[in-house]
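Me: I should like to learn how to read a protein model, feature by feature. Would you guide me through one?

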Amino acid sequence: MATLFAWNVQAQDRRDVREPSLPTQVCATLASKGDADDTGRIQAAIDRCEPGAAVRLVAAASDGRFVSRPLHMASGVTLWIDSGVVLAATTDPLAYDRGQGTCGTIATKGDGCAPFLSFSHTQGGGIVGDGTIDGRGGAVMAGHRETWWQLARRAQNEGGHQNNPRLIELEQARNVTFYRVTLRNAANFHVALNKVEGATFWDVRIDTPADARNTDGIDPGASQDVTIAHSFIRTGDDNIAIKAGKGTTRFVSILNDHFYWGHGLSIGSEVNEGVSDILVRDVTLDGTTSGLRIKSDASRGGLVTRVRYDGVCLRGNRKPIDFDTRYDPGVGGQHIPVYRDILLHDVSGTDGALILRGYDGAHPLHVTLNGVHFASDATWNIDNAQLSAGPGGVSPIPAGYDLSPARGPSRNCDASWVPFPTDHTKAH
């Protein structure tokens, strides 16, 4: 047993992460004014706030709605969104445009929009509170005849690139905290991280329709020491997508989370610079299309290693396990994906396709199955994979492999189904 797990001891966030707390110091309290443009007063309060303090948004007697154009967070400053408050993003594409005049259009590139909320080169601070940030992706864009989501779907059908704003973007930030807040209806990704060192997401809810294209929940990219814990995510794309397109991503912990509709808990597809030291523990995925997913191809592949899934329940998934090195089989390239030192421990599910597909005989998958239990009608689809079993075994046993049968289902699948929490009460 010690030999089996030894390589994965450090496969997690290296920080001592505990449940955050609400701020004790408030530098400004702003009351809502309905549908007025609140950008100026919110941004001014953020800019004047001292590090370590919070700007608190509270509901007026009759309304809790703030409307804003893009906002830029300052180092050490926390945005506290009170219960009953909705911070709504403007629907005007011009407010997000980066200067090329392409935001809100379909173009040859898709980077024409700034995010609604940005943390750029900041340290500390974050977003907390029991309120909501609403990206209004399903609202008709100002001056247009379609919503952000309709634009995204049309771009897919026409073969172009949508120019939709992300809801929140962290760029070269450090030690940022998201606590108890609800994020919904992003026009594009909800939270994207790039070159971030230290980020905590705790009791965060992300809620967007299943057919809203490219609305990933949380995407850590080129980042390290990230924890996503006690959170609930349902969205129109990946619930979580760990990426490494322009830098290595490592030391990520995904703990005690519950996912509903979406494309699953993913690594990839961009893993060029490598992904390592990932811990997924006590997570439930109910109704995601893929469940535990590692996806890449020869155009953007790299090394994915030291990944541990421990105590995972997979129910109602089309592909509960989906490790594929040919995500886009039509592309070529020299960036061959290599997945090794992957451990599934105490992982259970219902039926569906269990896919383990290595690139070729010279680049096989290396996966250990220890206490992996699926329904008898689940089907294995294995190609170019080297499998081993721990003492907990596996069932059903893949054809052609001499592995021990599983002893029983995961403890995490014993619990009844938990509905998505919409009232801000803590479910963990």
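Me: What is the mean pLDDT of the protein?

Reply: The term pLDDT denotes the predictor's confidence in each residue, from 0 to 100. Here the mean is 94, and 96% of the residues reach 70 or more. Over residues 1-9, however, pLDDT stays under 50. Where pLDDT is low, the predicted coordinates should not be read in detail.

Me: Where do Cys27 and Cys49 lie?

Reply: Helices (H or I, at least four residues) and strands (E, at least two) are DSSP runs, numbered from the N terminus. Cys27 and Cys49 form a disulfide with an S to S distance of 2.0 Å. Cys27 belongs to strand E1 (residues 26-31), whereas Cys49 is in the loop between helix H2 (39-48) and strand E2 (54-58), so the pair ties together parts that are 22 residues apart in sequence. The torsion about their S-S bond is about -110°, so this disulfide is left-handed.

Me: Which of these two cysteines is buried?

Reply: Buried means under 20% relative accessible area, exposed over 50%, and partly exposed in between (1.4 Å probe, protein chains only). Cys49 is buried, at 8%, and Cys27 is partly exposed, at 28%.

Me: What can be said of the disulfide of Cys103 and Cys113?

Reply: Cys103 and Cys113 are joined with an S to S distance of 2.1 Å. Their S-S torsion is about 110°, so the disulfide is right-handed. Cys103 is buried, with a relative accessibility of 6%, and Cys113 is buried as well, with 7%.

Me: How many residues apart in sequence are the parts that Cys313 and Cys413 tie together?

Reply: The disulfide of Cys313 and Cys413 has an S to S distance of 2.1 Å. Cys313 is in strand E27 (residues 303-315) and Cys413 is in the segment after strand E34 (394-395), so the pair ties together parts that are 100 residues apart in sequence. Cys313 is buried, with a relative accessible area of 0%, while Cys413 counts as partly exposed at 23%.

Me: Which residues have the most contacts inside the largest nonpolar core?

Reply: A nonpolar core is a set of buried Ala, Val, Leu, Ile, Met, Phe, Trp, Tyr and Cys residues joined through side-chain atoms within 4.5 Å. The largest has 90 residues, and those with the most contacts inside it are Ile133, Ile168, Tyr309 and Phe323. Contact means heavy atoms within 4.5 Å. Beyond four places in sequence, Phe323 touches residues including Leu292, Tyr309, Tyr339 and Val367.

Me: Where do the buried residues of helix H4 fall?

Reply: An α-helix has 3.6 residues a turn, so residues three or four places apart point the same way. In H4 (residues 148-158), the residues Trp148, Trp149, Leu151, Ala152 and Ala155 are buried. Seen down the axis, they fall within an arc of 160°, so they line one face of the helix; the arc is that of the directions from the helix axis to the C-beta atoms. The face turned away from this buried side carries the exposed residues Asn157 and Glu158.

Me: Which side chain makes a polar contact with that of Asp130?

Reply: A polar contact is a pair of N or O atoms within 3.5 Å; within protein, one must be able to donate a hydrogen and the other to accept it, and residues adjacent in sequence count only if both atoms are side-chain atoms. The side chain of Asp130 makes such a contact with that of Arg180, at 2.8 Å. Asp130 is buried, with a relative accessible area of 16%.

Me: What does the side chain of Asn412 reach?

Reply: The side chain of Asn412 reaches the backbone oxygen of Gly311 at 3.0 Å. A polar contact of 3.5 Å also joins the side chains of Asn412 and Thr284.

Notes:
Residues numbered from 1 in each chain as written. Predicted model: local features only at pLDDT ≥ 70, side-chain atom pairs only at ≥ 80, totals over all residues. Heavy atoms only, no water. Disulfide = S-S within 2.5 Å.
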